[in-house]
Amino acid sequence: MVKGRWLIALGVVAASLQGRAARGQDAAVTALSSTDFTLTISPVVGPSTQAALTADQLANFFSLAQCACPTNIVVGLSISDTA
């Protein structure tokens with residue numbers, strides 16, 4: 001009889017482990033958009049990182065002349081707090 005209870009308990013555990021697939025949040029969730037992310041690129045000069053480049057500086061930084069020279073950069077990607 002003890003062996004039968006053990007098998008029943010094992011069956012219950014096995015059935016509970018098969019459960020359902022994980023589900024996401026059901027509440028009204030909005031999709032992320034490009035405005036939720038901020039990509040920053042900062043050149044590394046010597047032992048320190050300079051300030052992040054502006055849009056105008058980025059256009060000049062990735063010119064043909066700059067790309068021909070070895071340069072270290074730091075790239076950061078952040079997400080807004082409200083996203």
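This is a predicted model: local features need pLDDT of at least 70, side-chain atom pairs count only at pLDDT 80 or more; totals for chains, interfaces and linings use all residues.
Student: In which order do the strands of the open sheet stand?
Tutor: Two strands are said to pair if DSSP finds at least two bridges between them. β1 and β2 run antiparallel and are joined by two bridges, whereas β1 and β3 pair in the antiparallel sense over eight bridges. The order of the three strands is β2-β1-β3.

Student: Why is one side of β2 and of β3 left without a neighbour in the sheet?
Tutor: Both β2 (48–49) and β3 stand at the edges of the sheet. One side of each is left without a neighbour because each has a single partner strand.

Student: Which residue in β3 is the bridge partner of Pro-43?
Tutor: The β1–β3 pairing is antiparallel and extends over eight bridges. For Pro-43, the partner in β3 is Ile-73.

Student: Which residue in the turn of the hairpin of β1 and β2 has a positive phi?
Tutor: β1 and β2 form this hairpin with two residues between them, and Val-45 has Ser-48 in β2 as its bridge partner. The positive phi, of about 70 degrees, belongs to Gly-46.

Student: Is Ser-42 buried or exposed?
Tutor: Ser-42 has its place in strand β1. Not counting residues up to four places away in sequence, Ser-42 is in contact (heavy atoms within 4.5 Å) with Thr-49, Gln-50, Ala-51, Ala-52, Ile-73 and Val-74. On a scale where buried means under 20% relative accessible area, exposed over 50%, and partly exposed in between (1.4 Å probe, protein chains only), the 9% of Ser-42 makes this residue buried.

Student: How many Å separate the backbone nitrogen of Ser-33 from a polar atom of the side chain of Asp-36?
Tutor: Asp-36 is found in the loop between α1 (2–17) and β1, and with a relative accessible area of 14% it is buried. Leaving aside neighbours within four places in sequence, Asp-36 is in contact with Ala-31, Ser-78, Ile-79, Ser-80 and Ala-83. From the backbone nitrogen of Ser-33 to a polar atom of the side chain of Asp-36, the distance is 2.9 Å.

Student: Which element gives the largest share of the nonpolar patch?
Tutor: Patches are made of residues with over 30% relative accessible area and no salt bridge, with like charges joined within 9 Å and nonpolar side chains (Val, Leu, Ile, Met, Phe, Trp, Tyr) within 5 Å; a salt bridge is a side-chain nitrogen of Lys or Arg within 4 Å of a carboxyl oxygen of Asp or Glu. The nonpolar patch on the surface is formed by Leu-32, Phe-37, Leu-39, Phe-62, Ile-73, Val-75, Leu-77 and Ile-79, with about 770 Å² of accessible area together, the areas coming from the Shrake-Rupley method with a 1.4 Å probe and, for residues, only the protein chains shown as cover. The elements that give two or more residues are β1 (37–45) and β3 (72–79). The largest share, four residues, comes from β3.

Student: Is Leu-77 buried or exposed?
Tutor: Leu-77 lies in strand β3 and, leaving aside neighbours within four places in sequence, is in contact with Phe-37, Thr-38 and Leu-39. Leu-77 and Ile-41 are 36 residues apart in sequence and 9.0 Å apart in space, C-alpha to C-alpha. With a relative accessible area of 64%, Leu-77 is exposed.

Student: What percentage of the residues of the protein chain count as buried?
Tutor: The protein chain exposes about 7,400 Å², of which carbon and sulfur atoms supply 62%. Among contacts between residues at least 6 apart in sequence, 62% join residues at least 24 apart. Of the 83 residues of the protein chain, the share that counts as buried is 7%.

Conventions. Residues are numbered from 1 along each chain as its sequence is written. Side-chain values use heavy atoms; hydrogens and water are left out. A polar contact is a pair of N or O atoms within 3.5 Å; within protein, one must be able to donate a hydrogen and the other to accept it, and residues adjacent in sequence count only if both atoms are side-chain atoms.
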